[in-house]
Amino acid sequence: MLPQISGEFGIVFDPELKFSEKGTSWLKMRGKAVSRKQVNGEWVDGDICFIDILCFQKLAENVTESITKGSTITVTGNLQMREWEDNEGRKQKAYSISASSIGVTPRFSPVKATELRTVEVLTAPQSENPPF
């Protein structure tokens with residue numbers, strides 16, 4: 001089994017929600033990661049990596065409502081590898097991430113929360129004497 005990984009990716013196209021024959025919601029989006037390096041005092045793009053990011057069930061439904069082309073996201077999930085043979089008989093490999101968690105990052109542009117959830121906070125009984 002391949003490891004769980006985390007990474008930051010720019011989304012290349014709008015996610016599109018789909019449904020399996022059994023009715024399970026899912027989506028595949030394309031992420032792009034670019035390394036940056038300085039050459040003669042100027043920042044330039046280095047290596048580029050494209051990877052498919054797979055989401056299932058409620059995560060897929062929420063991603064469809066929350067993420068668009070151009071969003072920068074942080075993904076945590078399991079790395080997966082798919083192997084196949086192309087039309088000329090050469091073996092090929094592709095990697096994807098089966099996401100368990102996705103967050104929109106405000107690193108390059110602002111992000112606004114559209115829904116706030118109330119969480120019941122449990123507190124310890126108050127005493128007039130400090131606990132220390």
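**Close-up 1. Cys 55 and Cys 49 in the predicted model.** In this predicted model, Cys 55 counts as buried because its relative accessibility is 0%, below the 20% limit used for that class. Cys 49, by contrast, has a relative accessibility of 39% and therefore counts as partly exposed. The structure holds 0 disulfides.

**Close-up 2. The surroundings of Ser 25.** Ser 25 lies in strand 3, and with a relative accessibility of 3% this residue counts as buried. When residues up to four places away in sequence are left aside, Ser 25 touches Leu 17, Lys 18 and Phe 19, and also Cys 55, Phe 56, Gln 57, Lys 58, Ala 60 and Glu 61.

**Close-up 3. The largest nonpolar core.** This core has 16 residues, of which Met 29, Ile 53, Cys 55, Ile 73, Val 75 and Ile 102 touch the most other members. Two or more residues are given to the core by each of strand 1, strand 3, strand 4 (42-56), helix 1 (57-66), strand 5 (72-85) and strand 6 (91-104). In soluble globular proteins, nonpolar side chains tend to be buried together.

**Close-up 4. The contacts of Ile 73.** Residues up to four places away in sequence not being counted, Ile 73 touches Gly 7, Glu 8, Phe 9 and Ile 11, together with Met 29, Ile 53 and Ile 67, and finally Ile 102, Gly 103, Val 104 and Thr 105. Among these partners, Met 29, Ile 53 and Ile 102 are also listed, like Ile 73 itself, with the core residues that touch the most other members.

**Close-up 5. The second largest pocket and its lining.** The second largest pocket has a volume of about 290 Å³, and its lining is made up of Glu 8, Phe 9, Gly 10, Lys 32, Ala 33, Val 34, Arg 36, Asp 45, Thr 72, Arg 107 and Phe 108. Strand 1 (4-11) and strand 3 (25-39) each supply at least two of the lining residues, and the largest share, 4 residues, comes from strand 3. By residue class, the lining divides into 4 nonpolar, 2 polar and 5 charged residues.

**Close-up 6. The chain as the setting for these views.** The protein chain contains 1 helix and 6 strands, which run from the N terminus in the order β-β-β-β-α-β-β. Buried residues make up 22% of its 132 residues. Among contacts between residues at least 6 apart in sequence, 57% join residues at least 24 apart.

Terms used:
Residues numbered from 1 in each chain as written. Predicted model: local features only at pLDDT ≥ 70, side-chain atom pairs only at ≥ 80, totals over all residues. Heavy atoms only, no water. 1 Å grid on protein atoms, 1.4 Å probe; cavity = no way out; pocket = protein on both sides within 12 Å on 5 of 7 lines; lining within 4 Å. Points joined across faces, edges and corners; volume = space filled by probe spheres on them. Nonpolar A, V, L, I, M, F, W, Y, C, P; charged D, E, K, R; others polar. Disulfide = S-S within 2.5 Å. Buried < 20%, exposed > 50% of the residue type's maximum accessible area, 1.4 Å probe, protein only. Contact = heavy atoms within 4.5 Å. Core = buried A, V, L, I, M, F, W, Y, C linked by side-chain atoms within 4.5 Å.
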